[in-house]
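Hello,

Here is the structure I promised to pass on. Please load it first, then read my notes below.

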Amino acid sequence: MNTSIRIHLTPEDNQRLATLCGLCDENLRLIEKRLKVIIQNRGHEFQVKGEQAAAAGKVLQQLYKDTKHLTDISKHDINLTLRTKETDMDDDQLAVINTK
């Protein structure tokens, strides 16, 4: 199932937005590649399409939050955030096993 979500990143800060997107949107392209989604933005408005759109949205929001303290986002930062969000999703899908 293809999902589409919209996100508005706040507070609006063009320097933080540039840090999030990276040079020539390279950070966005890395997230797209890893999660197999399409990310489009106009300023602080983002639309994410794909089966993992919600996960990509959470990654974007977390990385934007991180830009408050970072002046650059590295591939390592992105990969770490992706792994953290994947782990969070895996935990949500764990089955509960009752034992006696």
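This is a predicted model: local features need pLDDT of at least 70, side-chain atom pairs count only at pLDDT 80 or more; totals for chains, interfaces and linings use all residues.

Helix α1 (residues 14-21) packs against α2 with the axes 5 Å apart and at an angle of about 45°. That angle makes α1 oblique to α2, because it falls in neither the roughly parallel nor the roughly perpendicular range. On the α1 side, the contact uses Thr19, Leu20 and Cys21. On the α2 side, Glu26, Asn27 and Leu28 take part. By type, the residues of this contact are three nonpolar, two polar and one charged.

**Helix α2**

α2 covers residues 26-35. Its buried residues are Asn27, Leu28, Leu30, Ile31, Glu32 and Leu35. Lys36 comes after α2 and has a positive phi, near 55°.

**The sheet**

Three strands make up an open sheet. Their order is β1-β3-β2, with antiparallel pairing. The edges are β1 (3-8) and β2 (38-42), and each of them pairs on one side only. Ignoring direction, neighbouring strands are turned by 15° against each other on average. β1 and β3 (residues 45-50) run antiparallel and are joined by six bridges. For a spot to check, take Ser4: its bridge partner in β3 is Lys49.

**Helix on sheet**

Where does α2 lie relative to the strands? It lies across β2 and β3. Against β2, α2 runs at about 150°.

Best regards

Technical notes: Residues are numbered from 1 along each chain as its sequence is written. Side-chain values use heavy atoms; hydrogens and water are left out. Buried means under 20% relative accessible area, exposed over 50%, partly exposed in between (1.4 Å probe, protein chains only). Helices (H or I, at least four residues) and strands (E, at least two) are DSSP runs, numbered from the N terminus. Axes are lines fitted to C-alpha atoms, for helices over the stretch in contact, and angles run from 0 to 180 degrees between N-to-C directions. Angles under 35 degrees count as roughly parallel, over 145 as roughly antiparallel, 65 to 115 as roughly perpendicular and the rest as oblique. Contact means heavy atoms within 4.5 Å. Ala, Val, Leu, Ile, Met, Phe, Trp, Tyr, Cys and Pro count as nonpolar, Asp, Glu, Lys and Arg as charged, and the others, Gly among them, as polar. Two strands pair if DSSP finds at least two bridges between them.
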